Amino acid sequence: CIARIHRANREHHLDCSARDDPHCHRIHHSAMQFDAVWTALAFGALGCLLLLACRRRGGKDLPKAMRRLVVVEPNALALARVVVEEEAPLPVLKRGQVLIKVCAASINPSDYGAWRARSAKGEYPLPTGQECSGVVVATGGGVSTLGLLGRRVAAFPGSGTYADYVACSAWRLVCLPGSVALADACEFFINPLTVVAMLLTARAKRATAIIHTGASSALGQMLCKAAPGFGVEVVHVTHRQQHVEMLHRLGATHVLNSSSDSYGAELDEKIRALRVKLAFDCVAGDSAGALVAKLPPRSTVYAYGRLSSSYLSAIPVIDLIYRGKKVEGFMVTRAFAKLGPLGLLRMLLAMQTIKRELQTTFATEFADVRLEEVYERVVAIDPERPGAKSATNQKLRVVFD
C-alpha cells in the first residue's frame with residue numbers, strides 16, 4: 001500500500017513539474033503529508049505487533065515447586081553433601097530466557113567435579129548439571145525467544161540441569177528435529193563439541209594422526225566414528241581387551257591395550273609409523289607423563305580429563321625443557337577460540353553437523369538413573385575411591401517424568 005502511494009505521488013509530482021501549476025503543487029504537498037502519516041501508522045502497527053510477539057508466553061499450569069540436585073558442602077565425592085531438594089522454587093525468567101521442562105540430563109565428569117571444589121562465587125546450595133534436553137514451557141520475552149514455546153530442544157544452561165525445570169538463554173539451545181528421541185539429545189554439547197574441537201585442533205596443527213586415551217568412553221566412541229571424516233587417524237588406547245574388540249567393531253584401525261605387556265613397544269611403533277606428535281589424555285595420573293616420554297620432540301599432550309586421578313605425574317622435565325614438548329589443558333570453548341576469528345562460526349557449523357548426525361556419529365548408549373540415585377551412582381565410579389567401577393564404556397543420564 002505504501003509503495004503504491006509513493007508511486008502515485010511520484011507520478012503526480014512529475015506531472016505538476018511539467019505543468020508548473022501552483023494548485024497542483026499544493027495538492028502534491030497534501031498528498032506527501034498523507035503519505036507520511038500512513039508510513040508512520042504502518043511502522044507503528046509493526047512495532048506493536050513486534051512488542052506483542054516478544055512478550056512473555058506460557059507459564060500457565062506450572063507447579064509452584066520442583067525437585068533439583070544441589071551441592072550443600074563440597075568435598076571428596078564420597079564425603080560431599082549432595083542432596084535432592086524436594087520443594088525448590090522454579091527459576092524466575094529474565095528477558096531472552098526460556099523455561100525448559102527437563103526430559104533428561106547427561107552426567108559428565110565435569111558435572112561432579114563441582115562436588116569436589118568450592119565454587120568461586122561461594123554460593124550454596126549449588127545447583128548441578130550443565131546440559132539437558134526437554135521442552136520449552138515458558139519464555140521470558142524478547143526477540144530471541146520468538147517461536148520457541150513448545151519446541152523440543154537440547155540446551156546448555158551451564159548449571160542446574162539436574163532438576164525438573166531449568167532456565168536457559170535462548171542463544172544456548174538448539175531446536176531438535178522430530179526424528180530425534182528427546183532423551184537421546186541430552187548430550188548434544190559437551191562430548192560432541194569436544195570431539196570436533198579435537199579434530200579441528202589436529203587439522204590446525206597439520207597433524208594427520210593423534211593418540212587418544214580413555215578410548216572406550218562415550219567421547220572416545222564418538223571420536224572413533226568422526227575422525228575419518230576429518231582425515232585424521234587415531235591411535236585408540238584403552239585398558240581392557242573387550243574394549244579393544246568393541247572399538248574395532250566401530251571401525252577403529254589402531255587400537256592398543258594399555259594393560260598388555262607389549263603396550264610400550266606397540267605404542268612406539270604406532271608413533272613412529274604414523275608420525276604422531278599430538279595426544280589427548282583424559283586418564284591423568286601417570287598417563288600424560290608416559291605419553292610425553294614416548295612422543296618425539298616438539299609434541300603436545302592435551303589433558304582434558306581425570307578418570308584415574310586429579311593430578312598429573314611422572315612428566316619428564318627434561319623433555320619439557322630441552323625437547324620442546326608441552327602439556328596443556330584442553331577445554332572445548334577455549335579450543336574453538338584458538339582456531340582464530342572464525343572459531344565461533346566453526347562452533348556453530350559443528351553444532352549443525354552434530355544435529356544431523358546425532359543418531360549416527362554422535363549417538364550414545366546411556367544407563368538411566370533417577371534423580372535420587374545420582375549421588376550413589378557417581379560415588380561408585382569415583383577414581384579416587386578404592387574398588388571404584390570403571391567410568392568408561394558407560395554413560396549415565398538422569399531421566400525425569
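**Whole chain**

Colour by secondary structure: the protein chain has 12 helices and 17 strands, where helices (H or I, at least four residues) and strands (E, at least two) are DSSP runs numbered from the N terminus. This is a predicted model, in which local features need pLDDT of at least 70 and side-chain atom pairs count only at pLDDT 80 or more, while totals for chains, interfaces and linings use all residues. Residues are numbered from 1 along each chain as its sequence is written, and side-chain values use heavy atoms, with hydrogens and water left out.

Of the 401 residues in the protein chain, 46% are buried (under 20% relative accessible area; exposed is over 50% and partly exposed in between, with a 1.4 Å probe and protein chains only). The accessible surface is about 20,500 Å², and carbon and sulfur atoms hold 56% of that (Shrake-Rupley method, 1.4 Å probe; for residues, only the protein chains shown count as cover). Contacts (heavy atoms within 4.5 Å) between residues at least 6 apart in sequence join residues at least 24 apart in 70% of cases.

Select residues 97-106, which are strand 4. Eight of its 10 residues are buried, so strand 4 is largely enclosed by the rest of the structure.

- Strand 17 (residues 396-399) pairs with strand 4 in the antiparallel sense over three bridges; Ala 104 is partnered by Val 399.

**Asn 108**

Move on to the loop between strand 4 and helix 3 (109-112), where Asn 108 sits. Is Asn 108 buried or exposed? Asn 108 is buried, at a relative accessible area of 2%. Beyond its neighbours within four places in sequence, its contacts are Glu 131, Tyr 162, Glu 187, Ile 190, Asn 191 and Lys 395.

**The cores**

Show side chains for the largest nonpolar core, which has 41 residues (a core is a set of buried Ala, Val, Leu, Ile, Met, Phe, Trp, Tyr and Cys residues joined through side-chain atoms within 4.5 Å). Those with the most contacts inside it include Phe 188, Leu 193 and Phe 336. Helix 4 (190-204) and helix 11 (343-356) are among the elements giving two or more residues to this core; helix 4 gives the largest share, nine residues.

Centre on Phe 188: leaving out residues up to four places away in sequence, its contacts include Ala 154, Val 174, Met 351 and Leu 358. Apart from this core lies another of 32 residues, among them Val 82, Tyr 112, Cys 132 and Leu 371.

**A surface patch**

Finish at helix 9 (residues 317-322), where Ile 318 lies. Ile 318 is partly exposed, at 45% relative accessibility. Val 317, Ile 318, Leu 320, Ile 321 and Tyr 322 form a nonpolar surface patch with about 530 Å² of accessible area together. Patches are made of residues with over 30% relative accessible area and no salt bridge, with nonpolar side chains (Val, Leu, Ile, Met, Phe, Trp, Tyr) joined within 5 Å and like charges within 9 Å; a salt bridge is a side-chain nitrogen of Lys or Arg within 4 Å of a carboxyl oxygen of Asp or Glu.

Note on methods
Two strands pair if DSSP finds at least two bridges between them.
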